[in-house]
Amino acid sequence: MQEPVTHLSEAELRLIKKLDRRDREIQILKVISTRINASLDLDYTLNTLLEHLDRFFDFKHSMILLTNAKDTCLSVRASHGYANKGTGARVGFGKGVIGTVAKRKKMLNVPNIATRVAYLSGTEIHDTEQQ
């Protein structure tokens, strides 16, 4: 009979930690996918997704925006954590942080986003022109 391993190397400990994290991530994704696949209602599915992003990943403020048929602006389809849900509100491509990201189709690093009151309150979207 072999003796139990009592000492693990640093590399082995890192590997165990990495595997544990991946296992937790897979379990979280399984929970989320089960919940969002439970309904064919798009609004329910999107709101459930945003609630779970908060619950599991601490995304206190999140939105899902979709393009309109003409691809001239984005419309809020679901939001989480904002005082005003803003469902149906629009933002034009190239306007504000959200519109700029949509126009460029690339991530945008905005240093000190916490200082952008309009962005944090969600008013960036509500203050844009209705298109």
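Modeller: One term before we start: a residue counts as buried when its relative accessible area is under 20%, and as exposed when that is over 50%. Also, this is a predicted model.

Biologist: Fine. Is Asp54 buried or exposed, then?

Modeller: Asp54 is buried, because its relative accessibility is 16% and the cut-off is under 20%.

Biologist: What does the Asp54 side chain meet in a salt bridge?

Modeller: Lys60, with N to O at 3.0 Å. Lys60 is partly exposed, at 45% relative accessibility.

Biologist: Which residues are in that network?

Modeller: Asp54, Asp58 and Lys60 are linked by salt bridges.

Biologist: How many salt bridges does the structure hold?

Modeller: Four. One of them joins Asp43 and Arg77, whose closest N and O atoms are 2.7 Å apart. Asp43 lies in helix 2 (residues 42-57) and Arg77 in strand 2 (residues 73-80), so this pair ties together parts 34 residues apart in sequence.

Biologist: And how accessible are Asp43 and Arg77?

Modeller: Asp43 is partly exposed, with a relative accessible area of 35%. Arg77 is partly exposed too, at 31%.

Biologist: What about Glu25 and Arg21?

Modeller: Their side chains form a salt bridge, 3.0 Å from N to O. The two sit four residues apart in helix 1 (residues 10-36), which means about one helical turn separates them. Glu25 is partly exposed at 31%, while Arg21 counts as exposed at 52%.

Biologist: Switching to packing. At what angle do helix 1 and helix 2 pack?

Modeller: About 160 degrees, with the axes 9 Å apart. Helix 1 is therefore roughly antiparallel to helix 2. The crossing of helix 1 past helix 2 is right-handed.

Biologist: Which residues meet there?

Modeller: From helix 1, Ile28, Val31, Ile32, Arg35 and Ile36. On the helix 2 side they meet Tyr44, Thr45, Thr48, Leu49, His52, Arg55, Phe56 and Phe57. By type, the residues of this contact are eight nonpolar, three polar and two charged.

Biologist: Last one, helix 3. Which residues are buried in it?

Modeller: Helix 3 covers residues 96-104, and Val97, Ile98, Gly99, Thr100 and Ala102 are buried there.

Biologist: What follows helix 3?

Modeller: Lys105, which has a positive phi, near 60 degrees.

Definitions and conventions. Residues are numbered from 1 along each chain as its sequence is written. This is a predicted model: local features need pLDDT of at least 70, side-chain atom pairs count only at pLDDT 80 or more; totals for chains, interfaces and linings use all residues. Side-chain values use heavy atoms; hydrogens and water are left out. Buried means under 20% relative accessible area, exposed over 50%, partly exposed in between (1.4 Å probe, protein chains only). Axes are lines fitted to C-alpha atoms, for helices over the stretch in contact, and angles run from 0 to 180 degrees between N-to-C directions. Angles under 35 degrees count as roughly parallel, over 145 as roughly antiparallel, 65 to 115 as roughly perpendicular and the rest as oblique. A crossing is left-handed if the near helix is turned anticlockwise from the far one by less than a right angle, and right-handed if clockwise. Contact means heavy atoms within 4.5 Å. Ala, Val, Leu, Ile, Met, Phe, Trp, Tyr, Cys and Pro count as nonpolar, Asp, Glu, Lys and Arg as charged, and the others, Gly among them, as polar.
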